[in-house]
Amino acid sequence: MTSRNPRDSRLRLVRPRPLAAAPRAVTQRRSPRPAPRPPEGTPPPGELARMARTGLSDAARVARWADAALGPGRDGATPDGKGTLSDASAERAAAELGLTPVQVRADWDTARLAGLIEVHGGNARPGWRLRAWNRDDSAVLRGWVALFDAWSLAYPEPADREPSAVAEVVSAMPQVLSFLQLSAGPVPMEQLLDLLEQRVTELRTERCEIPYGPQPEPASQAAAENTPLAPLLDWALHALASVGALTCADGQATLTPLGSWAVWVKLEQICVAAQSPAGNIEASAEEMLRGCAQLRPNAARAEYRAWLAARPVGSAITELLDAARGEDALSRGLAFEALRVVGAPAEPDVRAVAEETSLRPYALLWLAVHDGHDPEDAHEVLTRTEATWLWVDTAAAVADHGEAPLLVRHLESAVQPTVPMLLDEVRAVGHPRTVQVLVALAAAHPDPALAKAVRRAAFQVHTGGN
């Protein structure tokens, strides 16, 4: 889960690829290969989803309460009408749900990390996974995997430990988890500590010559190397236990069925894909778009044409734009691909939504191509901020529906020439999926130094720090 290959210590991106091509990357696939089978004894997906729903039930409950009580225009909205979880909102939720404010805030943070709630500035809104919670097992499992990827954010790290040592332990834990998964049973803490110490030693040996960001003083480096790892292993295991990935008892650690399955997923570099519904022509726009997600571009366009032919063009355009406003970034990109099939009749409506933040980059690209720009050059109509927003939105689609290597390759489509510049601008753009995208990228990238930088950025966005 980490690479031992030589890497570019400057952390530079390859030559940028036009962003206009980025949404198409989501639907590109390698030639079909047999789907790997999970280890023997792994529960079926329905049972895994039931476990995930149980583990995230408190977070889903708070997310549903916030959706019902704090939405703009609701009778129970906060005075500012933004749906934020203020102190008063936390107190109110605690009273109505029979919890303490501390529990409410903990469940709120879990819901955010699992994608059940998305926060943009001072606004909170339900994530698309919450909408699909009771009917879509794959959405539930993707939400749980997102929380699993963010385990180091879900449980406070020791305040009295050297930050560099904490980062090293986080980077080393995939190997510990892999060992637990392969062991298929309880493993003594002493054995895990020995493995952790070996992996941390390897990471220090492999450390980049020019790591990302300001470098610690030699005294700080020495402090990290002298930091006992046993307390940090204890923290990491309890953090993973807090998200339901493992259990700790009697001096041993054991992966839960969900944790074992998630580690296997990471090792196989696959992701739970959205299921293609039957009957696309008669389905709603959102269901039709999800059904086309696994199709090649030509086949998808044929589906769009058939779907459009079955309904009035005006209502079809409205339905496609409503689907584009949803929380699923892949559906947003595909909706505008379907609108390309509509052509000129869609222009007034697309021009009208160009003022909506989440749709603006897609609308501007659509209009540029419609006005005669070469599709490969259409990205030039976007400002740097709009291009960065689109990069994050497309990355969210890849994280939800693509394979891990595809997310890593998505770095090529960024307009920024270096990773540090990309992270700075991604943090500033304020996309509601920023944390989830950065956590997924850190989990997928084989370069430990780059993954560490991305994970640090995710933590800073999550905590609101610098």
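Colleague: Hey, is Trp151 buried or exposed?

Modeller: Trp151 counts as buried because its relative accessibility is 7%. Buried here means under 20% relative accessible area, exposed over 50%, and partly exposed in between, using a 1.4 Å probe and protein chains only. Bear in mind that this is a predicted model, where local features need pLDDT of at least 70, side-chain atom pairs count only at pLDDT 80 or more, and totals for chains, interfaces and linings use all residues. Residues are numbered from 1 along each chain as its sequence is written, and side-chain values use heavy atoms, leaving out hydrogens and water.

Colleague: Nice. How many aromatic pairs are there?

Modeller: The count comes to 3 aromatic pairs, taking rings of Phe, Tyr and Trp (its six-membered ring) with centres within 6.5 Å; planes under 30 degrees apart are stacked, over 60 edge-to-face, the rest tilted. Trp151 and Trp235 have ring centres 5.5 Å apart and planes at 50°, so that pair is tilted.

Colleague: And which helices hold Trp151 and Trp235?

Modeller: Trp151 lies in helix α8 and Trp235 in helix α12, so the pair ties together parts 84 residues apart in sequence. Helices are DSSP runs (H or I, at least four residues), and strands are E runs of at least two, numbered from the N terminus. Trp235 is buried too, at 5% relative accessibility.

Colleague: Switching topic: what does the side chain of Thr256 reach?

Modeller: That side chain reaches the backbone oxygen of Gly244 at 2.7 Å.

Technical notes:
Polar contact = N/O pair within 3.5 Å; in protein donor to acceptor, adjacent residues only side chain to side chain.
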